[in-house]
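I am opening a notebook on a structure that is new to me, and I want to set down what I look up in the order in which I look it up.

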Amino acid sequence: MYKMLLLVVEPYIAFSVTFLVALFIAFIFEKVFLNKLQVIAAKTKWEGDDIILGVLKGKSFILISVCGLYLATLSLRFEANILNAIQNLVMALIILVFTWILARITAAFFYLYSSKNKSIVPSISILSNLSQLLVYVIGALIILQSLGLSITPILTALGVGGLAVALALQDTLSNLFSGIYLILSRKVKPGDYIKLDSGEEGYVMDITWRNTVIRALANNHIIVPNNKVATAIITNYHLPEKELSLVIDLGVSYSSDLDKVEKVTIETAKEIMKEIQGGVPSFEPFVRYNKFDDFSINFSVILRIREFVDQYLIKHEFIKRLHKRFRKYDIEIPFPVRTVYIKEDEKTDKKNSKAEIELPEH
């Protein structure tokens, strides 16, 4: 009877011992071996080993444990069909954990590559998510195959049901493919300052599977569906380059010496270009007179700024300094003049009179 009991208990003892040994090995690998590998990897030039070891941190214990669980099931003594089902389930669990780790490594490598080659692949979450989704889909198909399920009928069913899904999710799919189009066309990418024809403007933060995230200058996020961005008229202030011209419109009195006005204005503009952050010091500002207006001669000053948002500080400082210079050199900046007709009471038999009054224009 003792021998019979031993024969019954022995497989479970072997199962427990094997699994406990696997847990011990997983613990040693996680706490000792992996830490030493990370120290060695930190000294190498290749960043890929840091990524792989960083992803394995915390996940290697699970992977080794489930592999040990599979080995432990080999010592069990059940009926062939039951034992086969158990082993298939554990193998499916191993594939699932491995797929999870591989998906994380794939996403990490994608971000590493995109951060170094932004001109080729922008770092956008939609591409990272799609790469992970591809790994999970392949892993799922392998799991189904390991469980003894034929994937051919499943793929056929998905193909037939794909039409119904496409109709039900046409808005979602439209945003998904619009996001992919935006990425591949490279007309809009993270970091660009854009303005839509509907008025929204700001820095592009990310393009997800459904929305484009724009950060406004007020530091608010504007969430715009990808299909709206793809069909909108967009002004991208970072293409073909970040530097752009800044045009400031001004006017002076008809009595002004225009050569003197031009000289003073250009001198002030040069100072601004060299002294204020956001200006382009190598750029030579210039003035163009363009109109005889009702009460002034109008002209434009053309400056150069490093990027779109630099215009606010440049304008601020330029207007302050130019106003001070104009006052110093007695250059008049006129305000609007209006002619007002005053009609007298008819009983007085006096003629209508006319008065010219200077009023500021609102």
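Before turning to the sheets, I note the rule I rely on: two strands count as paired if DSSP finds at least two bridges between them. I also keep in mind that this is a predicted model.

**Entry: the chain as a whole.** I counted through the protein chain and found 10 helices and 10 strands. Of its 362 residues, 33% are buried. I then looked at the contacts with a separation of 6 or more, and 63% of these come from residues 24 or more positions apart.

**Entry: the sheet of five strands.** I followed the pairing across the open sheet and wrote down the order E4-E3-E2-E1-E5, with antiparallel pairing. Its edges are strand E4 (221-225) and strand E5 (234-236), each of which pairs on one side only. From one strand to the next, the twist averages 40 degrees. Inside this sheet I looked at strand E1 (residues 193-196) and strand E2 (residues 201-207), which run antiparallel and are joined by three bridges. At Tyr193 I found Tyr203 in E2 standing opposite.

Entry: I next went to Asn219, which lies in the loop between strand E3 (211-215) and E4. Asn219 is not a glycine, yet its phi is positive, at about 75 degrees. Is Asn219 buried or exposed? Its relative accessible area is 54%, so I record Asn219 as exposed. Further along, I came to Pro240 in the loop between E5 and strand E6 (244-252), where the peptide bond from Leu239 to Pro240 is cis, with omega near 5 degrees.

**Entry: the sheet of three strands.** Here I wrote down another open sheet, with the order E6-E8-E7 and antiparallel pairing. E6 and strand E7 (286-292) are the edge strands, and each pairs on one side only. Direction ignored, neighbouring strands of this sheet are turned by 25 degrees against each other on average. E7 runs antiparallel to strand E8 (residues 297-305), and six bridges join the two; I noted that Lys291 has Asn298 in E8 as its bridge partner. H9 packs on this sheet and touches E6, E7 and E8, with its direction at about 20 degrees to that of E8. H10 packs on the sheet as well, touching E6 and E8, and its direction makes about 30 degrees with that of E6.

**Entry: the two helices together.** How do helix H9 (residues 258-275) and helix H10 (residues 311-328) lie, and at what angle do they pack? I read an angle of about 140 degrees, with the axes 10 Å apart, which means that H9 is oblique to H10. The crossing of H9 past H10 is right-handed. Among the residues that meet, I listed Val261, Val264 and Ile272 in H9, and Ile314, Phe318 and Leu322 in H10. By class, the contact of H9 with H10 has nine nonpolar, two polar and six charged residues.

Entry: In the loop between H10 and strand E9 (338-342) I found Asp330, which is not a glycine but has a positive phi of about 55 degrees. Asp330 counts as exposed, at 71% relative accessibility. Last, I went back to helix H2 (residues 48-56), whose buried residues are Gly48, Asp49, Ile51, Leu53, Val55 and Leu56. H2 is followed by Gly58, which has a positive phi near 90 degrees.

Notes. Residues are numbered from 1 along each chain as its sequence is written. This is a predicted model: local features need pLDDT of at least 70, side-chain atom pairs count only at pLDDT 80 or more; totals for chains, interfaces and linings use all residues. Side-chain values use heavy atoms; hydrogens and water are left out. Buried means under 20% relative accessible area, exposed over 50%, partly exposed in between (1.4 Å probe, protein chains only). Helices (H or I, at least four residues) and strands (E, at least two) are DSSP runs, numbered from the N terminus. Axes are lines fitted to C-alpha atoms, for helices over the stretch in contact, and angles run from 0 to 180 degrees between N-to-C directions. Angles under 35 degrees count as roughly parallel, over 145 as roughly antiparallel, 65 to 115 as roughly perpendicular and the rest as oblique. A crossing is left-handed if the near helix is turned anticlockwise from the far one by less than a right angle, and right-handed if clockwise. Contact means heavy atoms within 4.5 Å. Ala, Val, Leu, Ile, Met, Phe, Trp, Tyr, Cys and Pro count as nonpolar, Asp, Glu, Lys and Arg as charged, and the others, Gly among them, as polar.
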